[in-house]
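Here's a walk through one structure, taken contact by contact. Have the coordinates open and follow along.

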Amino acid sequence: MIEKALKGNSAYWMWLAFLSAFIAVGAICYLRQFFIGMGLTGMGRDLSWGLYISQFTFLVGVAAGGLMLVLPYYIHNYKVFGRITILGEFLAIAALIMCLMFIMADIGQPLRGLNMILHPTPNSMLFWDMVVLLGYLSLNLICGWVILTAEKKQVKPPKWVYIFVYISIPFAVSIHTVTAMLYCGLPGRHFWLSAITAPRFLASAFAAGPALIVIFCLIMKRVANFDAGKEAINKLTTIIMYAALINAFFVCLEFFVGWYSNIPGHKHALEYLFFGLEHGGHVYNNLVPFMWTSVFLCFGGLLLFGYMKIAKIDNDLLVGLGCLAIFIALWLDKGLGFVFGGLAVNPLNEVTEYYPTANEIGITLGIWAFGFALVTILYKVAIKVEQEVEGH
Amino acid sequence: MDNQRRKFLKMAGATALAGISAPAVVKLTASPALASSAPAGHGAATQDSHAQPAAHGEEAPKGVRLGLLIDMRKLYGKPELMDKAIAACNKVHNIPHYDDRKNEIKWIWKTPFENAFVDQSVYHSSKETKENDFLVLCNHCDEPPCVRVCPTKATFRDEKNGIVAMDYHRCIGCRFCMMGCPYGARSFNWFDPRDNIKEYNPKFPTRMRGVVEKCNFCGERLAEGLEPACLEAIKETGAIVFGDINDPNSEISQVLAKEHTIQRNSSLGTKPSVFYIV
Ligand code: SF4
Ligand code: SF4
Ligand code: SF4
């Protein structure tokens, strides 16, 4: 099937070439980091996790978001999602591979990565995260490939594959839950030490993942003649709205707990993220514009969707803009704010701001570009198969 | 060592011997001053604490648990003494020097009270508290979160003596332990540390780029019968006391029994083994 990725029009190749440029830059930046040291990043002793881990966290969410297609289709037999379920599975594959790349970019001794398997340590949440991520990746590879192959041959997928489909549902929840547990079980990290971290991660994942899928569907409608169907898109935007609202609700709860309890440790990170934190005569606020952009984009997207649904407006461009707004909002919230905010105040109550370096951003963009290229190729295969079958 | 044997040693009143690989314990706990206290009483006391584990709502101590006590009263107004202790640690452990906070590596350092003891009030604190820095280092927690989170067991608690140690050859540099440690006790080698070691000590291994490091309670020195370098550097002041806090006859236990001490962030349940008299 993979040969389908090797045939495409010039736009397809231009797009892949464009991405390759970023991948090449990222690879060079990574080699520099590999040979010179992690000191090339903006991370430091006080703020020792940065852009890589935050992208990892966000992308685990994107991978888990595919659940919002798989679940209705396979459990509730919601036929409308029939054409796009495979997109959810393939997006999960690409996102998980990006996650693994970000982890490799983040660790100081990448060649020793296998120590996690050679010395399995069940008390470490990172060990479990690896287990569920690799598990979910394998499940999606199996399900996606087997189901697509069956579709190509125009036969029913073998029964056994459904077992893997059903197992993949709790796995999708588990990858993001365990990823949240990396953060929410650490004493002395007040912003993360919140039982609502995991539900909040899930809520934002269930908005961000589908939002990305809708954007891809709309793009493919224009460039690849692939129509997901109005009803499917409509249903997805409803799901995105609810999930984004629940995420916003959870964030508000964090504010309530912080301000009503008035416990400084519970307020610091939120103060730093949204208003600027005053400490020792200096105001630390480098993330404030990003967080407010996130708030406005999130509510902007929600209002747009709400208005379109009430006024029964149907416009691909508006739907795409709404999804993009919500996706960026959630990326700012989780892909930047959550990790950096939680680390700004260190355990000794010293404040450090984080500024990623050019080299670090280069690697990050390279991995994102690689992910987009992977999605492009996987989606191309999936669509070509579907179109071939329908053409018969 | 298996529990049976440990128990036997305890009963025999020879707890100190349990730290076989750490003769310093023997030395510290069997110093002449302490040897005068009746050995029988020692055995009895250990047995007692076995018999009534719930007496103070604390668990019965098991085996050797090395601890360190800093009597800040002896260091107030004398930052140069603290610098001396810090320099001693840096020297024996080949700790690289970086000028910037970002890449800094430190095992023991000075910091104001409000940063060292974040859960203590500094409202109307005394002049001494306000004006002095405090020595901080890894607490060799009895319930160490850094060990709990490490995915490779590269950081682990040595059951023989309670030291939270590191295996630099196994560490993958994920820095999860730095997230877990609520004391900021750990440093990461962002660059090759070997380029920045001022005075190389061939007796202690240098680290490689990409791994985490921290105070090791001078495990390598204890094995040679020496005391921790920071203690030794300012020994004349008696400001630092080191020994087995599970042995009621050790010097540190006796100071602990007499003086009111505090620990850093004790509310987090990490059970630090470093104590302060302030
Ligand atoms: S102080 Fe930090 S590094 Fe040391 S044992 Fe406790 S948690 Fe681990
Ligand atoms: S950085 Fe090393 S010691 Fe720390 S958690 Fe990772 S593997 Fe363990
Ligand atoms: S006990 Fe040893 S390793 Fe720890 S701070 Fe003192 S000198 Fe350094």
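Let's begin with B:R101, which is partly exposed at 40% relative accessibility. Here buried means under 20% relative accessible area, exposed means over 50%, and partly exposed is what lies in between (1.4 Å probe, protein chains only). The side chain of B:R101 meets that of A:D46 in a salt bridge, 2.5 Å from N to O. A salt bridge is a side-chain nitrogen of Lys or Arg within 4 Å of a carboxyl oxygen of Asp or Glu. A:D46 sits in the loop between helix 1 and helix 2 (51–65) of chain A, and B:R101 in the loop between helix 5 (79–92) and strand 2 (108–112) of chain B, so this pair joins two chains. A:D46 counts as buried, at 12% relative accessibility. Helices (H or I, at least four residues) and strands (E, at least two) are DSSP runs, numbered from the N terminus.

A word on the ground rules: this is a predicted model, where local features need pLDDT of at least 70 and side-chain atom pairs count only at pLDDT 80 or more, while totals for chains, interfaces and linings use all residues. Residues are numbered from 1 along each chain as its sequence is written, chains are lettered from A and ligands numbered from 1 in the order in which they are written, and side-chain values use heavy atoms, with hydrogens and water left out.

## Salt bridges within a chain

Over all chains, the search finds 25 salt bridges. In one of them, A:R200 pairs with A:D333, with the closest N and O atoms 2.8 Å apart. That links distant parts of the chain, helix 8 (residues 197–223) and helix 12 (residues 316–344) of chain A, with the two residues 133 apart. A:R200 is buried at 7% relative accessible area, and A:D333 is buried at 8%.

Over in chain B, B:D142 and B:R65 form a salt bridge at 3.5 Å between the closest N and O atoms. B:D142 is partly exposed at 24%, whereas B:R65 is buried at 13%. Both belong to a salt-bridge network that also takes in B:R157 and B:E159.

## Aromatic pairs

Rings of Phe, Tyr and Trp (its six-membered ring) pair if their centres lie within 6.5 Å; planes under 30 degrees apart count as stacked, over 60 as edge-to-face and the rest as tilted. That rule gives 43 aromatic pairs over all chains. A:F256 and A:Y260 have ring centres 5.1 Å apart and planes at 15°, so they are stacked. Both lie in helix 9 (residues 230–261) of chain A, four residues apart, about one turn of the helix. A:Y260 is exposed, at 67%.

B:F188 and B:W190 have centres 4.6 Å apart and planes at 70°, so that pair is edge-to-face. B:F188 is buried at 0%, and B:W190 is buried at 1%. Ring pairs also link A:W49, A:Y183, A:F191, A:W192, A:F201, A:F338 and B:F176 into a cluster.

## Around the ligands

What comes nearest to ligand 2? Of the 13 residues around it, B:C150, B:C171, B:C174, B:R175 and B:C177 do. A residue counts as near if one of its heavy atoms lies within 4 Å. Ligand 1 is surrounded by 13 residues, with B:C138, B:N139, B:C141, B:C146 and B:C181 the closest. The residues around ligand 3 include B:C89, B:H93, B:C215, B:C218 and B:C230.
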